Structure formats: structure tokens, C-alpha cells
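Here is a friendly walk through the fold for someone meeting it for the first time. Please keep the picture beside you as you read.

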Amino acid sequence: MAPPSQSSAAESVATMAGQIMSTPVITVSPDDSVGEVAELLHTKGISGAPVVDSAGVLLGLVSEYDLLARSGSTARDVMTKSVISVTTDTLVNDVRHLLIDQRIRRLPVTDQGRLVGIVSRGDIVALLATEWVCQSCGEAVRGDRRPESCPRCHAPGERFVLQEQSPGF
């Protein structure tokens, strides 16, 4: 009996920001007080949040660093205004390079200026943990591409399926 065919989603690892971004995004308003922003970051266990207007347009980003290093009473006063962002079709490898080269922790994902998601270092690290499982013997192999053959039973690469990561990995 031939193995069941696998969907194309199970044959490749995410390659674009829109495939790995987190949604919905925890955001703050430009008029939120510094205290409200600090409380939100603390209770949600995050180190920064995009600042958006009522239409969802990205205005800036406020991080723990901004709260500590800048004076002001609102998110608008302390936020970083020149935010690097990406679009849903930005390649994951380009996202990785931006995170490294710019020494930032997160990148807002926008569509026509509106915030639609966020990609963090952790989202990229999760890709490094991608596992392919041999349907012949159960051997797991990590990598961003399907192995050519199984190192244990030598089954062809077509016998490998992408092991889904649990949410929040």
C-alpha cells in the first residue's frame, strides 16, 4: 500500500514572516501612561509592545529599555519612533538578519502600514527546532529541510513528514 500523500504545508518549513508571526499582538495606545505600559509588559511577560493608533497604524514601539531610559508620561513620549518593520511576505532569512544585524528583539509585521503581527527572536529559534519524522521507523531529524534519506533505516526523504510544533513552543 502506498503511503498517504502529504499536503504541501507538511512538506516545507515556513519561509515568510506571515507564516511565523504571532497574532493577535499585544499593543499600547500612544496616550497610555508609562505606568499602564509598564504594568502591561510586566503582567504579559513581554519586553516590548507596538504603539498603534485607533486604526491599527504602527506609530512606534515601546520597550523596557525605553521605559528605563527615556522621560515622559505617555507611550508617545518614550516610544521609539523609527521602528524597523517587515511585511507578511518578507523572507524569514531576511527577518533573521534584521534581528541580528540591528540587535533588536522583535519586528512588527505590517500590511499597508497597519500592524498585523509580530515576529520575535523566539519565533526564529522555534524554526531551528523543526523536526522531520521518518514514517518508516520514527527517527526524528532536525532541520529546515526534509532529509534526503533516513539516517537510521535509509528510507527515502519522501517518507519524512514535518512534525508540528505545539503552540507557544
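The numbered points below go from the whole chain to its sheets, its helices and a few single residues.

1. **What you are looking at.** This is a predicted model, in which local features need pLDDT of at least 70 and side-chain atom pairs count only at pLDDT 80 or more, while totals for chains, interfaces and linings use all residues. Residues are numbered from 1 along each chain as its sequence is written, and side-chain values use heavy atoms, with hydrogens and water left out.

2. **The chain as a whole.** The protein chain holds six helices and eight strands. Helices here are DSSP runs of H or I with at least four residues, strands are runs of E with at least two, and both are numbered from the N terminus. Read from that end, the order of elements is α-α-β-β-α-α-β-α-β-β-α-β-β-β. Of the 169 residues, 34% are buried (buried means under 20% relative accessible area, exposed over 50%, and partly exposed in between, with a 1.4 Å probe and protein chains only). Among contacts with a separation of 6 or more, 48% join residues 24 or more positions apart; a contact means heavy atoms within 4.5 Å.

3. **A mixed sheet.** Look next for the open sheet of three strands in the order β3-β4-β5, where the pairing is mixed. Two strands count as paired if DSSP finds at least two bridges between them. Strands β3 and β5 are the edges, each pairing on one side only. Strand β3 (residues 86–87) runs parallel to β4, with two bridges, and T87 has T110 of β4 as its bridge partner. On the other pairing, β4 and β5 (residues 114–120) are antiparallel over six bridges, with D111 opposite R114. As background, strands of a sheet pair through backbone hydrogen bonds, either parallel or antiparallel.

4. **How covered is strand β4?** Is strand β4 mostly covered or mostly exposed? In β4 (residues 106–111), five of the six residues are buried, so the strand is mostly covered. Helix α5 packs on this sheet and touches β3, β4 and β5. The direction of α5 makes about 135 degrees with that of β4 (axes are lines fitted to C-alpha atoms, for helices over the stretch in contact, and angles run from 0 to 180 degrees between N-to-C directions).

5. Strands β4 and β5 form a hairpin with two residues between them. Q112 lies in that loop and has a positive phi near 55 degrees, although this residue is not a glycine. With a relative accessibility of 79%, Q112 counts as exposed. Most residues other than glycine have a negative phi, and most peptide bonds are trans.

6. **A second sheet.** Another open sheet has three strands in the order β7-β6-β8, with antiparallel pairing. Its edge strands are β7 (140–142) and β8 (160–163), each of which pairs on one side only. Neighbouring strands in this sheet are turned by 35 degrees against each other on average, direction ignored. Strand β6 (residues 131–134) is joined to β8 by four bridges, and V133 stands opposite V161.

7. How do α5 and α6 meet? The axes of α5 (residues 92–101) and α6 (residues 121–128) come within 10 Å and cross at roughly 125 degrees. That makes α5 oblique to α6, because angles under 35 degrees count as roughly parallel, over 145 as roughly antiparallel, 65 to 115 as roughly perpendicular and the rest as oblique. The contact is made by V92, V95, R96 and L99 of α5 with R121, I124 and L127 of α6. By class, five of these residues are nonpolar, none is polar and two are charged (Ala, Val, Leu, Ile, Met, Phe, Trp, Tyr, Cys and Pro count as nonpolar, Asp, Glu, Lys and Arg as charged, and the others, Gly among them, as polar).

8. **A buried valine.** V52 lies in strand β1 (residues 48–52) and is buried, with a relative accessible area of 11%. Leaving aside residues up to four places away in sequence, V52 touches T27, V28, S29, P30, V57, L58, L59 and L115. The C-alpha atoms of V52 and V28 are 6.4 Å apart, although the two residues are separated by 24 positions along the chain.

9. The peptide bond from T23 to P24 is cis, with omega near -10 degrees; P24 belongs to the loop between α1 (17–20) and α2 (34–44). H154, in the loop between β7 and β8, has a positive phi near 65 degrees and is exposed, at 61% relative accessible area.
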